[in-house]
Amino acid sequence: MKAIAIIAVLCGICIKSPGDSVPSAQYQWHNAVIGGGGFVTGLVAHPLAKNLIYARTDVGGAYRWDENSRHWIPITDSFAVDFTGIESLAVDPNDTNRVYLAAGIYESMRSAIFRSDDQGRTWERTDVPFKMGGNETGRFNGERLVVSPFDGNVLFFGSRRDGLWKSADRGVTWNHSQSFSRIGGGDEASNNRRSFWNSAVGIISVLFDDKTMYLAVSTKGTNFFYNPDDGNSWRPVPGQPVGLRPNHVVAGGNGVLYLSYGKEPGPNEMTDGALWKFDPRTSRWANITPLKSPDGGQAFGYGAVAVDPQEPETILASTFCRWNPHDEIFRSTNGGATWRPLFNDATWDFVSAPYAGTIKPHWIGGIAISPSDSNRAWFTTGYGVWNCANLTSADSGAPTRWQFADDGLEETVPLALASPPAGAHLLSGVGDIDGFLHDNLDLSPTRGSFAGPHFVNTQDIAFAADKPQIIVRTGTVRSEAGHVAISTDGGKNWRFPDSEPAPDRMGGMAAISADGGTIVLTKRDTEPEFTIDGGGTWNQCAGLPAGIRVVADEMNSSRFYAFDAVSRKMFASTNEAAGFAPTKFLFPALTPDYGYPPRAELTATMGREGDLWLAFGAKGLWHSTDGGDTFIKIENVGDAYAFGCGKSASPNGSPALYLFGKIESLSGIYRSDDEGRTWLRLNDAEHQFGWISKLTGDPRVFGRVYLATTGRGIIYGEPLF
């Protein structure tokens, strides 16, 4: 059987696995390299294993550092989207193979504790009743999850709303600790509010130090507690400071505790903060804040703190939300009596990801000093991880050297993908860092973000099918002007048009005719508008509802299409988008009816006039060959959430179709080479990548598909022949 399977793979033949009703193809998956790009919320180094360090992120799962390749290895690609926000991470301090994750991206979604006996290569999951917010307020606080150093079967978890929980069987079952039910919210009045920015924060840290457990709560009142009898009772630590919220608690080898504080739990703002240390042997507190807030009119807080495992008097502490000139890390070798800032004369190596050179260090929510090397430290930011290998040079006044250490750590949220038939294989729009022109998928683009106008987010990209060097993209900017950019050289350089429709905070959606002569722009709350003079003047597209996306025909420059999910009507234009009229076809009100417009994505088939595909969410996949006058439903497709086309399997054959959805109730990424009659599943249980918001095939490479994930960056897959 193995020999048959190997021959099948080598010949490109797809076989069914035993018990599977949907055939699968053998695919290899990679990231289109950007390097970092998202908020890395925490770092945990194993105390016994040299260079074994884990990173957690707010929307992109968790990673393990591989020292030999100097590369981060994603360890949560098998997780569903609910679990891609990592609330907390813990290692068993006495077992180098055991690692645990508290996973749940939003309180409104599922949450679970995952456990692994092989450093995250495989996982077991326990769904839990307490909610998590891996991408909510206070997400860099921690760590909430801890393994007892005295019994590796015992775990504690501090929740946002539901107090303290304990497991005595490695996270298989959990019991609520009635001895500590206090929780704190994003502010004193917000415990019952579940809005994104004001979610409850609750217990942010559970810590063992010698025989004593400590627990910190995100509240400005009494917030630091100790437990003298293994979780059965909790008492406030005497003499503690109040008025600020703790967000990190760490212990030195000499038993001294260090706490970083902010007025707000972060990360979106922090307007005051401090650093304190507490010596349990003397019950004395000391304010050791390196730099008081505000500084030169700049208010800020303190984010992370770390102690050298080999030198308990050596500490690193970071500011948080200090935007001018940037966040800072301070170093002390005498327990906080004196401090030295590290960044004033530091050198920075961002060769692996050139875009990082344009971003200030900010949101420093995690710091780790290597347990085996006092020279080596890491810190996290809102866009990745930095590493230093000469940390102790600072003690003699020499500059520290920092390297952007994000190889393999791909935590971006792509918003737009385009693969033109000439020029770069891939153009992307990316949340928070504009977007990229990918000449080489295995290297972070040397130009970084697009040359010319820069967007905060690039929201949409479209190219002219016959003249792919003409490209339009939309995005958000920090001012009120300039939400549309045009390139005539394949995306290398961009310009703002002379005018544009009223600005849309989200940037809007774009379409461009096959010959590049007509550009259509849709803003959220207004009717689409078009230009035939490169953005000199704009006119309303007559006959279309407000906020509807327009798609250009791939062959005929006069034809454009749009679909309205509310009325279930197709619209078509044959006069260069000047006017639209409903087509003959009205989609039936199919079940299930969720009471709101379902997701609907209209795609024009490359190389064919009037050929359209509609991915209609739970209502399935539909195909038209007559410009939308009629549609047929592809019966073997269940849900259809994202859809795209790519190069045909044979000369003059039908384009390859790519689908993220369900075939025979099995969710996955699929390809069809025969216009949807049969499908091959391309991914498996180990390659879920959370959620796929968009996908497209490559028009020049058969079988290659690009995926826009919701936190794992841009993934591309290629068949193994």
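Trainee: Leaving aside its neighbours within four places in sequence, with which residues is T605 in contact?

Mentor: This is a predicted model, in which local features need pLDDT of at least 70, side-chain atom pairs count only at pLDDT 80 or more, and totals for chains, interfaces and linings use all residues. Residues are numbered from 1 along each chain as its sequence is written, and side-chain values use heavy atoms, with hydrogens and water left out. Contact means heavy atoms within 4.5 Å. Beyond the excluded neighbours, the partners of T605 are E554, D611, L612, W613, C645 and P655.

Trainee: Is T605 buried or exposed?

Mentor: T605 is placed in the loop between β45 (601–604) and β46 (612–615); strands are DSSP runs of E, at least two residues, numbered from the N terminus. Buried means under 20% relative accessible area and exposed over 50% (1.4 Å probe, protein chains only). Because its relative accessible area is 1%, T605 is buried.

Trainee: Which side chain does a polar contact of 3.1 Å join to that of T605?

Mentor: A polar contact is a pair of N or O atoms within 3.5 Å; within protein, one must be able to donate a hydrogen and the other to accept it, and residues adjacent in sequence count only if both atoms are side-chain atoms. W613 is listed among the contacts of T605. At 3.1 Å, the polar contact joins the side chain of T605 to that of W613.

How values were computed. Helix = DSSP H or I, 4+ residues; strand = E, 2+ residues; numbered from the N terminus.
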